[in-house]
Amino acid sequence: MTTILNKESSPIAIRGSWWLLMMLAAGLLFSLYGQVFDVYEIGIVIFAAVSLALLGQNWPGFRLHIAAVTGLSLIAIQLYGDSLASAESNFFLVYLLSSQSAIMWMSALYVMATVAYFIGLFARSSFIEKVGSAMTWAATTMGMVGLMVRWRESYLISHDVGHVPVSNLYEVFILFSVITALLYLFYERRFRTRALGGFVLLVISAAVGFLLWYAFDRGAADIQPLVPALQSYWMKIHVPANFVGYGAFAMAAMIGTAYLLTSWARDRQSQGVMATMMPDLVVMEDLMYKTIALGFAFFTVATVLGALWAAEAWGGYWSWDPKETWALIVWLNYAAWLHMRMMKGWHGRPMAWWAVIGLFVTLFAFLGVNMFLGGLHSYGEL
Amino acid sequence: MSDVNVPPKPRQSFGRRLFLLLGSMDLAITLLLVLAIASVIGTVLQQNQPYADYVIKFGPFWFDVFETAGLYDVYSALWFLLILTLLVVSTTVCVIRNAPNMIKDMWQLRTQIREKSLRVMHHNDQWSVALTPDKTVEQLRAGLSDAGFRVRQTEKQEGQLLSAMKGGLNRLGYLFTHIAIIVICVGGLLDSNLRIKFAEWQGDLKIETRDLASSDVPKESRLTVGNQAFRGSIQIPEGRVANVVFLPLKDGYLVQELPFTLKVADFRIEHYATGQPKSFETDLVLFDDTLPEPIKTTISVNHPLIHKGYAIYQSSFADGGSGLTLEAWPLDERAGAAPEKFEGKVFEKRQMTWGEKELRLELNSFRPFNINPDPTEDNPKNVRNFGPSFGFKLRSPTGEAREYVNYMVPVMREGRPFFLSGVRGSPAEEFGYLYLPVDRQGGMKAFNGYLQRLRDAETVEVVAKQMMLETLAQMSDTDSERLQESLQETLQTLVTMFIRGGFTEVGHFIETSLPEAQREKLGPAYLSMLREMLARIYFMDQDQTQPVTEAELLFLQDAADAIGSLTRYGSPVYLSLKNYDHVQASGLQIAKAPGKVTVYVGCTLLILGVFILFYLPQRRFWALIKQKDGESEIIFAGMSNRNPRDFDMLFDQMRTQLRQETGNSDSQ
């Protein structure tokens with residue numbers, strides 16, 4: 001069984017229109033707000049337009065996702081008007097589009113999608129697996145809408161409170177879920193397999209579980225104003241870049257888990273689902289490598305951005321602060337993994353195990369440091 | 001770190017073998033992992049803390065062991081630097097070994113390849129077409145070029161060889177990433193404090209451990225202006241200047257001189273509506289003799305001032321020695337005397353002669369406002385501004401100290417205003433609070449007067465006598481002189497006990513000193529007699545014809561509660577803040593990092609390299625065209641150094657396309 005990669009291009013007319021649409025959107029932003037934009041904002045709009053255009057040009061699902069996020073966010077902003085109080089009176093805001101509601105929808109949908117993927121896998125039903133995909137897309141859309149609307153809500157609280165919602169643990173957990181899901185959906189289409197969906201969504205469901213506990217038990221969902229150290233442009237790019245890294249590493253670990261289960265099942269000559277329905281081991285291995293490489297590239301960028309920011313805020317590009325040091329540890333760990341695979345040709349179970357262990361190292365850098373070690377990055381305390 | 005395996009040769013020299021070992025993949029991967037594990041130490045053990053804290057934490061034995069291992073500053077410990085150096089050496093050797101091949105590989109089209117090699121490649125195909133070899137070559141060449149490949153044709157014995165390549169720059173990815181590591185480490189080394197540590201080890205520098213003014217620090221602990229890296233900090237009070245920074249090192253510090261003078265004109269904290277800090281800003285004036293005029297600017301977090309490679313950051317703030325106008329109200333036997341007014345400054349220590357007691361007053365802190373959770377609200381997020389406060393310690397001649405924090409403006413509790421003073425015996429404890437009731441004039445007079453009367457033996461005696469007589473008058477058995485005496489004495493003792501320790505003390509007396517049989521009856525009687533005494537003493541100087549108001553009864557109750565807890569308060573004096581002149585100090589961090597540009601160049605190389613390495617695979621195709629029976633036979637092969645699975649597809653796509661273009665559409 002060979003899996004042929006899906007590198008289907010969309011028809012040229014659609015690709016062209018998509019690019020045009022993105023460029024028009026950027027143009028519209030410039031014509032509306034160009035006068036108040038500073039150089040960073042201009043840069044970010046251009047970067048966003050080009051990235052969205054590139055991602056969407058051959059990916060119909062992504063195009064629909066962006067359209068839905070844009071539409072729903074604009075509706076929510078319209079419904080809010082100038083008053084945060086609308087969140088309690090307007091029907092659509094209360095039940096669907098206020099950031100809290102959207103995030104609850106996201107949470108529910110991700111958990112349901114996980115269940116659907118597993119049922120689809122074990123019942124060998126491609127229809128139910130497709131339902132899983134649809135739910136993942138819906139969850140991701142609601143998560144994105146939640147972030148967008150939360151961004152607006154922060155400005156409605158007060159102009160000086162307003163900030164991009166990537167500033168504390170609650171917000172980055174949403175970001176993590178959404179980014180991991182998008183990465184998965186990209187590879188789901190590329191590799192034409194939904195069998196891995198349940199495994200990847202499992203880590204997202206875990207994040208959702210934490211998110212809900214954090215919101216209900218600790219009241220972390222409230223929008224808090226930024227401490228002075230976080231009032232910087234660097235935050236807007238440092239944090240998302242980091243979470244592409246974290247998301248990719250998490251996905252690699254879950255594929256590693258699926259790899260191990262499948263290879264044991266096939267060793268036993270089992271005729272069960274894990275032996276028969278999962279993709280080829282080489283395919284999973286390839287996917288593991290691709291996600292780790294992607295994560296590593298973005299993690300490198302994020303760490304460098306962090307160093308640039310640190311040089312502006314803390315008086316030095318590197319301070320051996322616990323978070324920085326753990327970022328380095330994560331980086332070294334995956335650097336070693338990549339060398340092992342690319343240069344020493346290691347493959348199979350040891351590398352899958354290593355990817356799984358990598359998740360724990362990453363998790364410690366992401367959460368453990370805040371919980372146990374403190375330091376300069378103590379923005380989200382548990 | 002190479003694709004190219006160097007076959008081991010027999011009888012290699014030691015140098016050659018060492019070179020190979022240093023450049024080996026195994027060593028490189030080991031070093032990456034060892035470095036990762038070693039880095040953990042410094043995140044688990046808090047770095048660069050005062051040595052005294054470590055001694056307390058680990059005890060003297062382990063303190064010494066850990067200090068020798070350099071664990072208090074792991075990242076500049078010798079062994080850690082050694083690992084880093086080894087990593088740099090290993091990477092360098094690797095680059096030296098591989099760079100020539102890599103660079104060659106970027107351009108060379110491998111035209112030397114033999115037919116045999118093509119046939120054993122993982123990706124190969126063979127087909128025949130009814131075209132002349134020249135025509136075939138032309139077709140294939142066009143096909144490969146259209147796909148973006150660089151193609152070269154060479155004449156071979158067997159026929160014509162087309163060699164094609166795309167993504168040769170992938171090799172740059174290897175070079176960039178590995179050179180980047182070296183560059184970043186070298187840049188980091190330039191900015192490390194290695195030079196200072198070396199000078200200290202040599203004995204040229206001496207770490208200062210005493211608490212001295214910067215100008216008093218001796219020469220052997222000072223670093224003169226130069227181009228070396230450093231990172232230090234200083235607190236400058238508003239309106240004051242400084243031209244040095246302190247570099248913390250081991251259990252002390254060094255003084256780094258600056259080529260300019262900084263003046264803090266003003267320091268500001270702005271707040272959000274919810275009370276959280278919004279910004280920390282300092283108005284700075286920088287005087288540099290080489291400038292036509294001083295630089296005036298405002299710095300804040302994330303917005304440093306950079307002058308001649310010196311970066312000046314807003315990093316903290318503190319009190320800069322605020323002026324405090326204080327009134328000392330006596331709480332002991334001197335109660336009733338007019339309060340003593342005096343001026344003090346935060347961080348000032350002064351001797352206070354209080355009656356016969358010698359106390360040392362240490363003024364430690366001042367806060368212009370205190371935004372704290374409101375204790376009258378259930379939700380801890382509802383905060384309230386409790387106004388200015390100042391903190392101080394009172395130290396007895398034996399050295400024991402209690403710590404206090406007093407609030408300037410009255411705090412409301414159950415609708416009544418109180419002066420609030422917190423006290424604790426050690427920093428590990430929570431503050432306990434004393435609530436002194438505020439009188440109708442908004443001051444301490446009423447409380448102070450009441451306290452004075454309660455402490456005055458004569459007053460108490462007079463009141464006790466009167467109460468005794470009135471009490472006995474209602475009873476039939478009034479002739480016993482002994483009863484009179486004993487009752488009066490009891491009343492007086494109750495008040496004295498109350499002064500000594502409040503209701504607790506009286507309760508304790510009832511529990512321990514009264515015979516058990518009488519306790520149940522006498523206990524409540526004693527307490528009500530005490531209450532009566534307290535009230536009589538309170539109201540004694542008031543117009544007895546006026547009815548007693550609710551407010552006065554409450555004041556009496558509050559005052560009695562406060563007096564009852566004075567022993568626990570532990571201070572013979574209440575310091576009331578009347579006025580203040582807030583002076584802040586801005587905490588600046590000043591750094592010089594000559595290696596920064598180098599590090600940034602390294603980072604750029606690293607990012608470029610990583611993306612090239614992962615996303616620009618090097619791909620090669622070869623086509624050998626042989627003439628055979630009037631037809632042309634094509635041997636087609638390809639290889640890729642990355643993403644083999646993606647290449648499977650590309651290879652299929654290429655051969656199908658080329659077969660079609662050369663007019664052969666049989667698929668194999």
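The C-alpha centres of domain 1 and domain 4 of chain B are 54 Å apart in this predicted model. Chain B is split into domain 1 (1–107), domain 2 (112–167 + 617–668), domain 3 (205–318 + 585–594), domain 4 (323–330 + 338–441 + 577–584) and domain 5 (450–574). Chain A has domain 1 (13–58), domain 2 (66–227) and domain 3 (234–377); the C-alpha centres of domain 1 of chain A and domain 2 of chain A are separated by 23 Å. These bounds come from an automatic or database domain assignment.

Residues are numbered from 1 along each chain as its sequence is written, and chains are lettered from A in the order in which they are written. Because the model is predicted, local features need pLDDT of at least 70, side-chain atom pairs count only at pLDDT 80 or more, and totals for chains, interfaces and linings use all residues, while side-chain values use heavy atoms, with hydrogens and water left out.

**Nonpolar cores**

A nonpolar core is a set of buried Ala, Val, Leu, Ile, Met, Phe, Trp, Tyr and Cys residues joined through side-chain atoms within 4.5 Å. Buried means under 20% relative accessible area, exposed over 50%, and partly exposed in between, with a 1.4 Å probe and protein chains only. In soluble globular proteins, nonpolar side chains tend to be buried together.

The largest nonpolar core holds 162 residues, and those touching the most other members are Met106(A), Tyr110(A), Tyr170(A), Phe243(A), Met278(A) and Trp337(A). With 19 residues, helix α10 (residues 233–267) of chain A gives the most to this core. Apart from it lies another core of 65 residues, including Met352(B), Met467(B), Leu472(B) and Tyr574(B). Helices (H or I, at least four residues) and strands (E, at least two) are DSSP runs, numbered from the N terminus.

Beyond its neighbours within four places in sequence, Phe243(A) is in contact (heavy atoms within 4.5 Å) with Val172(A), Leu175(A), Phe176(A), Ile179(A) and Phe366(A).

**The interface of chain A and chain B**

The size of an interface is often given as the accessible area lost when the parts come together. Here the buried area, meaning the accessible area (1.4 Å probe) that two parts lose on being put together, summed over both, is about 4700 Å² between chain A and chain B, and carbon and sulfur atoms give 65% of it. In chain A, the residues that lose the most area to chain B are Pro228(A), Tyr317(A) and Trp320(A), together 14% of what that side buries. In terms of contacts, 59 residues of chain A meet 54 residues of chain B.

The rule finds 4 salt bridges across this interface, a salt bridge being a side-chain nitrogen of Lys or Arg within 4 Å of a carboxyl oxygen of Asp or Glu. Lys344(A) and Asp26(B) are joined by a salt bridge between their side chains, at 2.6 Å from N to O.

On the side of chain A that touches chain B, α12 (281–313), α13 (322–342) and α14 (349–373) of chain A each supply at least two residues. The most comes from α12(A), with 19 residues.

**Individual residues**

Trp320(A) sits in the loop between α12 and α13 of chain A. Its phi is near 55°, a positive value in a residue other than glycine. Lys308(B), in the loop between β10 (305–307) and β11 (310–319) of chain B, likewise has a positive phi, near 50°.

The table gives accessibility for selected residues.

| Residue | Relative accessible area | Class |
|---|---|---|
| Asp105(B) | 9% | buried |
| Ser300(B) | 15% | buried |
| Ser205(A) | 16% | buried |
| Trp320(A) | 24% | partly exposed |
| Lys308(B) | 47% | partly exposed |

Asp105(B) belongs to helix α4 (residues 78–107) of chain B. Not counting residues up to four places away in sequence, Asp105(B) touches Arg110(B), Met165(B), Arg171(B), Gln618(B) and Arg620(B).

Ser300(B) is in strand β9 (residues 295–300) of chain B.

Ser205(A) is part of helix α9 (residues 197–218) of chain A. Leaving aside neighbours within four places in sequence, Ser205(A) is in contact with Tyr110(A), Val111(A) and Thr114(A).
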